[in-house]
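Hello,

Here is the structure I promised to pass on to you. Have a look at it first, and then read on for what turned up in it.

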Amino acid sequence: MNIAESIRSRRSVRSFDGKPLSNEIKEQVLHFANGADNPYGLPIRWRLLDVKAQNLNCPVITGAETFIAGKMQPAPHAEEAFGYAFEQIALYAVDLGLGTTCIAGTMDRPAFERAMELEEGEVMPCVSPLGIPAAKMSLRETMMRKGVKADSRLPFEELFFDGGFDKPLSKDRAGGLAEVLELVRLAPSAVNKQPWRLVVGPDTVYFYEKKSKGFTAANGWDIQKVDMGIALCHFALGLEAKGGKAVFTLEDPGLTHPGDTAFIAGCRIDGVDA
Ligand SMILES: Cc1cc2nc3c(=O)[nH]c(=O)nc-3n(C[C@H](O)[C@H](O)[C@H](O)COP(=O)(O)O)c2cc1C
């Protein structure tokens, strides 16, 4: 599958066929995960977990015997780095015919953290089931998808801006970048909040996070930054597929932005005309 197809066909899968995955396929995913990079160069250690042997409970998921989870030391940009790496794994899984769901909240977190053998100070941002999607979604899955309107995304013009936040960007104006931005639009996010807002400049695209209430923990850990990492990943992979390259920068362009948004990163676009 090409990357646009993988992104378009990915969805969170919460109902699985109940059959164990072969060791070969599990090893393949783990090998890919351990090689997945992130623009911040932060190390993440991935493990496969066994639901029965490790007594794991994730009530929104049915029929999955295996989970994959990553752990890392907290650091500036750890959330974005995790989201970026996680999404590459989720898209790789799509190509193998497997389903995943990024899960940050709806699981027995202490049991998963025990199974991951977290070391001093380490965090385990999210976990994901890994398996063959069931032929039919469970009733709970159908209800959950309805609850967060999982099949819809905000319109293009609400997410992307032309040089500054005062000017929404239309698909027509986006030119060669429109397809890449569309792949960002389709990204998954916690509670489907889609916090990414992108300002497209002449040679750089600036990523901002529109913060929703209740997503940042008392210690500053912000789950919506995982969403931002996923959006950055879709952008970089989409650009690469069009023969371009995203060059990351953390240099804040100092643009005027709404009070509830914060600068996350810039991507200089090489090779694709905006
Ligand atoms: C960072 C993050 C955390 C998430 N946490 C959960 C979770 O705890 N439980 C859950 O069922 N889904 C979780 N999701 C899945 C989202 O609800 C889902 O991606 C969104 O509704 C869009 O649906 P889609 O992935 O099928 O496109 C999470 C997604 C992300 C990106």
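**Starting from Asp17**

Asp17 is partly exposed, because 14 other C-beta atoms lie within 10 Å, a count between the 12 or fewer of an exposed residue and the 20 or more of a buried one. Please keep in mind that this is a predicted model. You will find Asp17 in the loop between α1 (3-9) and α2 (23-35). Apart from neighbours within four places in sequence, Asp17 is in contact with Gly63, Gly131, Ile132 and Ala134. Glu80 is 63 residues away from Asp17 along the chain, and their C-alpha atoms are separated by 31 Å.

**The chain as a whole**

Stepping back, the chain has 9 helices and 8 strands. Its C-alpha atoms fill a box of roughly 55 × 40 × 35 Å along the principal axes. Why call the chain compact? A compact globule of 274 residues would have a radius of gyration near 19 Å, and the 18 Å of this chain agrees with that. Of the 274 residues, 40% are buried. Among contacts with a separation of 6 or more, 76% are between residues 24 or more positions apart.

β5 has a parallel partner in β4 (residues 160-162), joined to it by 3 bridges; Phe160 has Leu198 as its bridge partner in β5. With β6 (residues 204-210), β5 pairs in the antiparallel sense over 5 bridges, and here Val200 has Val205 as its bridge partner. The hairpin that joins β5 to β6 passes through 3 residues.

**Around the ligand**

Lastly, the ligand has 22 residues around it, of which Ser12, Gly105, Ala150, Pro188 and Asn192 come nearest. By class, this shell holds 14 nonpolar, 6 polar and 2 charged residues. Which helix gives the largest share of the shell? That is α9 (residues 223-241), with 4 residues. Domain 1 (3-141) and domain 2 (156-270) each supply at least three residues to the shell.

Happy exploring, and do write back with any questions.

Best wishes

Methods. Residues numbered from 1 in each chain as written. Predicted model: local features only at pLDDT ≥ 70, side-chain atom pairs only at ≥ 80, totals over all residues. Helix = DSSP H or I, 4+ residues; strand = E, 2+ residues; numbered from the N terminus. Contact = placed C-beta atoms within 7 Å. Near = placed C-beta within 6 Å. Nonpolar A, V, L, I, M, F, W, Y, C, P; charged D, E, K, R; others polar. Domains from an automatic or database assignment. Rg over C-alpha atoms; globule rule 2.2 N^0.38 Å. Pairing = 2+ DSSP bridges.
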